[in-house]
Amino acid sequence: MERNFETVMIEQCSPVLAGLKPANLFRHENRDRAAFYATVAGWDARLAPKGIRLLVLKECPHSHWYLVYLYRPAKLGAALAQPGVGAFLRREGYALPSDPATPAGCAQLLRQLAGRLSCDGDFPHEIGVFLGYPLGDVEGFIANRGRNFTCCGCWKSYGDPDAARRHFAQLNKCTAVYLRLFHSGTPVLKLAVAA
């Protein structure tokens with residue numbers, strides 16, 4: 001069932017639009033590929049002045065669904081430049097650019113991630129660092145195969161459960177507020193905070 005692009009973007013990516021998170025993903029179904037890519041390009045152009053970009057990371061032409069990545073290049077660069085993230089990505093098989101914090105470096109890493117998503121192999125759980133999850137949570141998820149977490153919310157946390165619950169509550173509250181504002185008529189561009 002095809003759903004309104006803007007509604008799905010608000011439901012899944014409000015914390016990114018609000019500047020609380022560097023990135024998020026959402027799945028969208030659309031039988032008209034050309035119209036879908038035109039929609040993505042249009043939103044990318046409108047959100048770019050706010051420091052937000054859209055990218056299709058994966059598409060399934062048979063089932064007509066797409067995996068859309070909404071992100072803030074500056075925040076993503078900062079997340080990828082965090083201590084240990086580069087070494088982690090290198091261990092996962094990524095070729096690191098000279099400066100992953102730059103827009104060009106982020107784009108190079110995102111191309112590698114997209115390539116891994118399109119393969120028939122295992123799901124690339126390192127995607128968590130591209131979504132702004134703490135490195136310890138991403139490594140904990142991989143090492144524990146999704147089990148033994150200390151708290152589960154927007155993702156599975158392997159650290160301080162109280163801190164994770166507070167953070168998840170903040171993200172959930174943001175989404176609830178944005179959904180209420182959107183459904184009462186506030187346009188997406190007004191909800192997107194400039195970087």
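**Nonpolar cores and overall dimensions of the predicted model**

In the largest nonpolar core, which has 31 residues, Tyr69, Leu80, Leu89, Leu113, Val129 and Phe130 touch the most other members. A nonpolar core is here a set of buried Ala, Val, Leu, Ile, Met, Phe, Trp, Tyr and Cys residues joined through side-chain atoms within 4.5 Å, buried being under 20% relative accessible area with a 1.4 Å probe, protein chains only. At least two residues of this core are supplied by each of strands E1 (23–29) and E3 (65–71) and helices H3 (73–80), H4 (85–91), H5 (103–118), H6 (127–130), H7 (135–144) and H8 (161–183). The largest share, six residues, comes from H5. Leu113 is in contact (heavy atoms within 4.5 Å) with Leu57, Tyr94, Pro124, Ile127 and Phe130, neighbours within four places in sequence being left aside. Another core, of 25 residues, lies apart from the largest one and includes Met9, Leu17, Ile52 and Leu191.

The model is predicted: local features need pLDDT of at least 70 and side-chain atom pairs pLDDT 80 or more, whereas totals for chains, interfaces and linings use all residues. Residues are numbered from 1 along each chain as its sequence is written, and side-chain values use heavy atoms, without hydrogens and water.

Nine helices and five strands make up the secondary structure of the chain, taken as DSSP runs (H or I, at least four residues; E, at least two) numbered from the N terminus. The C-alpha atoms fill a box of roughly 40 × 35 × 30 Å along the principal axes. Of the 195 residues, 43% count as buried. Among contacts with a separation of 6 or more, 52% are between residues 24 or more positions apart.

Note on methods
Buried means under 20% relative accessible area, exposed over 50%, partly exposed in between (1.4 Å probe, protein chains only).
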